[in-house]
Amino acid sequence: MRIALFVTCVNDLIYPGTGRAVVRILERLGHQVDFPQAQTCCGQLHANTGYRQEALPLVRAFVATFEPYDVVVAPSGSCVAMVRDGYPRLAAGDATLSAAVAALAPRTLELSELLVDVLGTTDVGATFEHRVAYHPTCHGLRALRLGDRPRRLLAAVRGLDLVELAEAEQCCGFGGTFALKNPEVSAAMLADKCAAATSCGADYLAAADNSCLAHIGGGLARRPGAPRPIHYAEILAGPEEDR
Amino acid sequence: MTGTGRISATVPFPTAARRQLADPQLRANLRRATRTIRNRRSQVVDEVTDWEALRAAGAAIKDDVLSRLPELLEEFETRATAAGARVHWARDAAEACAVVTGLVRETGTDEVVKVKSMATQEIGLNEALAEAGITAVETDLAELIVQLAGDTPSHILVPAIHYNRRQIRDILTAGMPEIDASQLTDEPAALAEAARRHLRERFLSAKVAISGANFAVADTGSLVVVESEGNGRMCLTLPDTLISVVGVEKIVPTFADLEVFLQLLPRSATGERMNPYTSIWTGVHPGDGPRDVHIVLLDNGRSDTLADEVGRQALRCIRCSACLNVCPVYEQVGGHAYGSTYPGPIGAILSPQMTGPDNAANRTLPYASTLCGACYDVCPVQIDIPQVLVHLRQVGVDARRDRPSLERVALRAASGLMRDRRRYAMALRAARRGAAPLRLLAGSRGTARRLPWPLSAWTASRDAPLPARQTFREWWAVRASDESAQAAGDPVAGDATHEPGEPR
């Protein structure tokens, strides 16, 4: 099985530790991972802000880059949701591209889908001796229907104490350009999420999307005693990997 | 023909939202109320084992209606007319108001009672009647509260959701002079009783009632009103004349189709298994109920909405407001921020389509969402609101390609970089290097507290992350060259960018 890592642009530039974590997890499970150098960005920001024409070249580039692989894995619920839900809509009207998207989209998986559904494992051999709360990010939760896969993976980590986050399924208020177009509403939603995270007693707040975590973590950084944000892949890669 | 009336924001959503956010009492009231209703909804929905099949059926019936709307409307008109009703057609708010005002004038009365109705709110009927010297009395408790407060509804189903019971007590005592303020407590039962006494006289004396309808049945010519308080039943049966303003999308093909919607609506709306009152009437029945039955079929931008292949699913809406109750944006800002009779997620896709693309304030509504998808999950007729929001954003951007826009310049430049791997890699490297000085400003968590404009919009409320010291692709390249060196028998070169113990 040829597995390609789609690291995503946010992780490439800001959170490379998350990409390294995915490589480490998969190699530890005995799989080889390739990183196609031609990859850039999935185009989610463009498409969701309304710039369809600007997103379309990125769809083509993504398809050309990842077509040769059996599986594409990304440590991001929202980027995978873009490929699976957004690409078919963007490609509509171009029969060749639509066919290529229809073939590639189902093979593009969020990390927990690859681990649990394809590789059939929930115990990836990790140790992480901390209290962790999990925030199910919206696109992973509602677009991909990841369900309890990330939580099952976390529950199998040695030493990890999974604590409940109140109103966990409420959006954190990030929403891409929403945070800039409606900054006050975004901040109000963030305040609710940070209050829930701070009062749940966790050392770390884990999630499957670093873009949401950048937003939540940015709020938590201003609250004394708040948990630290962490991508759940970095927990699964433990014990050594640190952000 | 584009829609008119109270479906248009006057200020952009971000500005209106900012004003609403400044009211902590409003936010507390909203949070409490929306959480209560959505928890109740989820309990009664979870107990229906075929809920998903019901949703699919509701969506399919509505899609069928939308695909042959003219034919079904004519069938409805024929049946309703045969049963003794008079059917009127209105293209927009002004026409609808003129028809209703004329009908009320014909009766010679100057006071009408009203059943809570979104369509009459949409066309601004109460104001039009007032201009004609006709007093409209709202008889739904929450609608009455809003009317007495001189306010507008902020929720489709719970118009006074933005008030708590103490505020409601004050509104009732100020608006009903017959009440002894010293005797009225803020107990819900006491408030309801005070309103009941106030309204009873009006029910008994009113000659004309005005309603909307939840459904209009094509094969029988019947109208259906679903309600909780019984005030609707009074209005629909006591007065001599009944005028109903009905959006053209309210049609269902057959009486049997009600089976699906009367299961979907109460559970989604109030979180009840069944609503207390469902009134169905077909034309005129001598000696029973109103003698003159009028039905005003309202377009007001619905035909324009129907013309959009993606956006038309908004017309499936049965006004349950489940999407409002789960929306994290609505919960923070309330209904008034949306500037339209239709607030929340459904309003964000309905109002801009009804008023058309030239309405600048309504153009901000499709951006009033994080695309979290909670609305789609609860919608009883499976309206993919996030999909329509993105679609309307795209329509708006495409329609304004010839106008200057900083946002477009920036996004176009980013797209240009990202479609070329070399330029992209260079840009990442440049961003990493450019951010290096910012690291000096970073706090203990490696995030920046303050950044200059335009990034200050981000750091006003939260720290900003900074680019890593080494991008992922740089790490991968180093690792690959290390591996090939290892394969060639060379010792691995020391790599200062790797932490000790970090995996290879």
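How much of residues 73-297 of chain B is helix and how much is strand, and how far apart are the end C-alpha atoms? In this predicted model, the stretch is 41% helix and 20% strand, and its end C-alpha atoms are 9 Å apart.

Figure 1. An unreviewed UniProt entry places "domain: LUD" at residues 73-297 of chain B. The domain assignment of chain B gives domain 1 as 13-304 and domain 2 as 406-487. Between the centres of domain 1 of chain B and domain 2 of chain B, taken over C-alpha atoms, there are 53 Å.

**Figure 2. Chain B as a whole.** Chain B contains 22 helices and 10 strands. Along the principal axes, the C-alpha trace of chain B spans about 105 × 55 × 50 Å. Of the 504 residues in chain B, 49% are buried. Among the contacts in chain B with a separation of 6 or more, 74% join residues 24 or more positions apart.

**Figure 3. Confidence along chain B.** The mean pLDDT of chain B is 93, and 97% of its residues reach 70 or more. Over residues 492-504 of chain B, however, pLDDT stays under 50. The model has 17 contacts beyond four places in sequence for residues 492-504 of chain B. Where pLDDT is low, the predicted coordinates should not be read in detail. For the complex, the predictor gives an ipTM of 0.96 and a pTM of 0.95.

**Figure 4. The contact between chain A and chain B.** Chain A brings 56 residues to the contact and chain B brings 54 residues. Elements of chain A that give two or more residues to the side touching chain B include helix H2 (16-28), helix H4 (52-66), helix H11 (183-199) and helix H12 (210-220). The largest share of that side of chain A, seven residues, comes from H11(A). By residue type, the side of chain A that touches chain B divides into 28 nonpolar, 16 polar and 12 charged residues.

**Figure 5. Chain A as a whole.** Chain A has 13 helices and eight strands. Its C-alpha atoms fill a box of roughly 50 × 45 × 30 Å along the principal axes. A compact globule of 243 residues would have a radius of gyration near 18 Å, and the 17 Å of chain A agrees with this. Buried residues make up 61% of the 243 residues in chain A.

Figure 6. For "domain: Cysteine-rich", an unreviewed UniProt entry lists residues 3-83 and 132-216 of chain A. Residues 3-83 of chain A are 57% helix and 11% strand, with the end C-alpha atoms 16 Å apart. Residues 132-216 of chain A are 48% helix and 12% strand, with the end C-alpha atoms 15 Å apart.

**Figure 7. Two domains within chain A.** Chain A is divided into domain 1 (3-118) and domain 2 (131-236). Their C-alpha centres lie 22 Å apart. In the contact between these domains, 24 residues of domain 1 of chain A meet 20 residues of domain 2 of chain A. Helix H5 (77-91) and helix H7 (111-118) of chain A are among the elements that each supply at least two residues of the domain 1 side. The residues on that side of domain 1 of chain A are 12 nonpolar, nine polar and three charged.

**Figure 8. Helix H7 of chain A and its cover.** The buried residues of H7(A) are A:Leu111, A:Ser112, A:Glu113, A:Leu114 and A:Leu115. What covers them includes H2, strand E3 (71-74), strand E4 (108-110), helix H9 (149-155) and helix H13 (232-236) of chain A. A:Gly120 follows H7(A) and has a positive phi, near 65°.

**Figure 9. Two residues other than glycine with positive phi.** A:Thr8 has a phi near 80° and is found in the loop between strand E1 (3-5) and H1 of chain A. A:Arg145 has a phi near 55° and lies in the loop between H8 and H9 of chain A. Which of these residues is buried or exposed? A:Thr8 is buried because 28 other C-beta atoms lie within 10 Å, whereas A:Arg145 is exposed because 9 other C-beta atoms lie within 10 Å.

**Figure 10. Cis peptide bonds.** The peptide bond from A:Gly238 to A:Pro239 is cis, with omega near 15°. A:Pro239 is in the segment after H13 of chain A. In chain B, the peptide bond from B:Trp453 to B:Pro454 is cis, with omega near 5°. B:Pro454 is in the loop between helix H20 (421-434) and helix H21 (456-459) of chain B.

Terms used: Residues numbered from 1 in each chain as written. Chains lettered and ligands numbered in written order. Predicted model: local features only at pLDDT ≥ 70, side-chain atom pairs only at ≥ 80, totals over all residues. UniProt positions renumbered as here; feature names shortened; annotations may be inferred. Helix = DSSP H or I, 4+ residues; strand = E, 2+ residues; numbered from the N terminus. Domains from an automatic or database assignment. pLDDT = per-residue confidence, 0-100. Contact = placed C-beta atoms within 7 Å. Nonpolar A, V, L, I, M, F, W, Y, C, P; charged D, E, K, R; others polar. Buried ≥ 20, exposed ≤ 12 C-beta atoms within 10 Å, placed from the backbone. Rg over C-alpha atoms; globule rule 2.2 N^0.38 Å.
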